[in-house]
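Subject: A structure for you to look at, with notes

Dear colleague,

I am passing on a structure for you to open beside this message.

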Amino acid sequence: MKKQSNLSRLLQIAGSHKYLTYASWVLSAISALIALVPFYYIWKVMQEVLAAAPDFSRAQNLTYNGWMAVLFAVIAVLVYIGGLMCSHKGAFRIATNLRLQMMEHIVKLPLGFAESFGSGKLRKIVNESSAATETYLAHQLPDRANAIATPCGLLVLLLVFDWRLGLLSLVPVVLGFLIMMAMTGKAMQEKMKEYQNALDDMSNEAVEYVRGIPVVKTFGQTIFSFKKFKDSIDRYKVWVIAYTKQLRAPMMFYTAAINGVFAALIAGALIFTRGDVTRDFLLDLMFYIIITPIISVTLTRIMFQSENAMIVDDALQRIDSVLNLKPLAEPKQPEHPNGASVQLNHVHFSYDGRNQVIKDISLSIPAGQTVAFVGPSGGGKTTLANLICRFFDPQNGQVKIGGVDVKNIAKEELMNTVSFVFQNSRLIKASILENVRMGKPNAAREEIMAALHNAQCDDILEKLPQGADTVIGTKGVYLSGGEQQRIAIARVMLKNAPIVILDEATAFADPDNESRVQAAFSKLSQGKTVIMIAHRLSTVAGVDQIYVIEDGQITESGKSQKLLEKGGVFSRMWQDYQTSVQWKVAKEVQ
């Protein structure tokens, strides 16, 4: 099957707006031809001046020819603007449709996709790759039509007045074109891909670095935390310098060739005339010296169009890297969970298909129980919770909710069955009321206010100017990490799902906020199946069951007292935790 070209694919996305794109090409080409007409009137002016010299009063048509040159120049500009208006309208529609297509696909992907893909990289693809197609369609394609029409009309002008000078002026053009083709071949396309990869890498590291600044400043790890970001900048610097040096020589020869046309013309004039310069030959020579700079401008435009075509090709490949990701399979005949129990049977999972993060885990959580996942960082606790939410599917084994494999539960029903509060909950730039309403879009104001009250948010609303209607993130209205967590808990309370997953939900809370968050958790947990992931072991002491997860496996399970008596991993973690909370800063005695 023949691969669809980038242009035909983009025009297909444009729908009926593709006719505006076609119109822009026609108008741009017409504009290019009209733009050559003023040069004919300039030639007429020079002819009349040379014929009338030294008595210039005999030149009667100078004003007429001058105004005709201006008129056609203005017409060319107006026609070109009309072409750009058409191309921009079509380009904006295509870029919009591409972004919509990507976002509609992204929302169908598993929720863990953004974390594994890289949020900075994903943002750059959605925004900048679609913007690259917009620039290409709005400017580069009309300019290409213009650049094709210009040499055609120019070739006629070059050969009509003096075919010898016309052919001579084309020699540097051919040389420049050959150098340009050498610079913009397959090697250039590969370099363009490397360039975009370097930019993606920097963008991703920048986003992750900015997100981690609170932790960085807290623990004073500024230099070390900056290392990965700096390394990505250094790699980009090395690549850019090497590539610039590689293109330095051919770019010098190309520039010299396309800008040296007038030198070739003067040399040719000396050869052709052998010192016998006629008025007509001088007129033609002056005309060619004036018009040949258009050749260098046209060639340079063609070169940049080749580069932009490569940028668009790379942009579409990056867009496809998102669109080609497969969403999790939806069941053809959905089943309904019977209750809020959670069961894992011999579950295995790997992010990359090679290194297993979860290794043959089996566990059963009865409905209404509160359990905790604890263990060293990187052991697989959050990954296990993600599998229960079906952010990912395990490679082997089953994850069941209410006795039904999560793969057989419709996505909407699964999301209504499981709620989660992350350690760094995100709130959108909207009112507190709208942020909470996301848990239940059809909720009445009274329900939302009750959820905010149960989530211990009364003190937050009292200090804000418009209470629950205050917009977060604008005009200086910002909330602390613990306050954002309480708003997120209110959202989960409003949703009222039977299963709740709390992933390090008190990680960024200060002592006062932590006590309020814990009170909100107590209210939230009533009558629900709760799975807690925690490093603060004091928060899990009273749960029904603790699972110690280490290196992707359950190494211990049971109630806290039983695990402490056992003297295993949990007991050592508890001792380390108790030691850490008893640390004090001693005041130096002078």
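In which helix does Y288 lie? Y288 lies in helix 11, which covers residues 279-291; helices here are DSSP runs of H or I with at least four residues, strands are DSSP runs of E with at least two, and both are numbered from the N terminus. Y288 is buried, with a relative accessible area of 0%, where buried means under 20%, exposed means over 50% and partly exposed lies in between, computed with a 1.4 Å probe on protein chains only. Y288 and F161 are 127 residues apart in sequence, while their C-alpha atoms are 8.9 Å apart in space.

Before going further, please note that this is a predicted model, in which local features need pLDDT of at least 70 and side-chain atom pairs count only at pLDDT 80 or more, whereas totals for chains, interfaces and linings use all residues. Residues are numbered from 1 along each chain as its sequence is written, and side-chain values use heavy atoms, with hydrogens and water left out.

**A cavity and its lining**

Rolling a probe the size of a water molecule over the atoms shows where empty space is left. A search of the whole structure finds three cavities of 30 Å³ or more, a cavity being a set of points, on a 1 Å grid over the protein atoms alone, where a 1.4 Å probe fits but cannot get out. The second largest cavity has a volume of about 40 Å³, a volume being the space filled by probe spheres set on the points, which are joined across faces, edges and corners. Among the residues that line the second largest cavity are T382, N386, F391, F420 and D503, where a lining residue has an atom within 4 Å of a point. Helix 13 (381-389) and strand 7 (499-503) each supply at least two residues of this lining, and helix 13 gives the most, with four residues. The lining divides into seven nonpolar residues, two polar and one charged; Ala, Val, Leu, Ile, Met, Phe, Trp, Tyr, Cys and Pro count as nonpolar, Asp, Glu, Lys and Arg as charged, and the others, Gly among them, as polar.

**Aromatic rings**

The structure holds ten aromatic pairs, counted when the ring centres of Phe, Tyr or Trp (its six-membered ring) lie within 6.5 Å, with planes under 30 degrees apart called stacked, over 60 edge-to-face and the rest tilted. The rings of Y19 and Y22 have their centres 6.1 Å apart and their planes at 70°, so this pair is edge-to-face. Y19 and Y22 are three residues apart in helix 2 (residues 18-52), which means that about one helical turn separates them. Y19 is exposed, with a relative accessible area of 55%, whereas Y22, at 33%, counts as partly exposed.

The rings of F391 and F420 are also edge-to-face, because their centres are 5.1 Å apart and their planes stand at 85°. F391 is buried, with a relative accessible area of 5%, while F420, at 22%, counts as partly exposed. K495 lies over the face of F420, at 5.9 Å from the ring centre; the cut-offs are that NZ of Lys or CZ of Arg is within 6 Å of the ring centre and within 35 degrees of the ring normal.

**Strands and a hairpin**

Four strands form an open sheet in the order 2-1-4-5, with antiparallel pairing, where two strands pair if DSSP finds at least two bridges between them. Strand 2 (356-365) and strand 5 (404-405) stand at the edges with a single partner strand each, so one side of each is left without a neighbour in the sheet. Strand 1 (residues 342-350) and strand 2 pair over six bridges in the antiparallel sense, and V347 stands opposite I361 in strand 2. D360 is also found in strand 2, and D360 has a positive phi of about 55° although it is not a glycine.

Elsewhere, strand 3 (residues 370-374) and strand 9 pair in the parallel sense over four bridges. Five bridges join strand 9 to strand 10, which run antiparallel. Strand 9 and strand 10 form a hairpin with two residues between them, and D551 in the turn has a positive phi of about 55°.

With best wishes

Notes
On a 1 Å grid over the protein atoms alone, a cavity is a set of points where a 1.4 Å probe fits but cannot get out, and a pocket is an open set with protein on both sides within 12 Å along at least five of seven lines; lining residues have an atom within 4 Å of a point.
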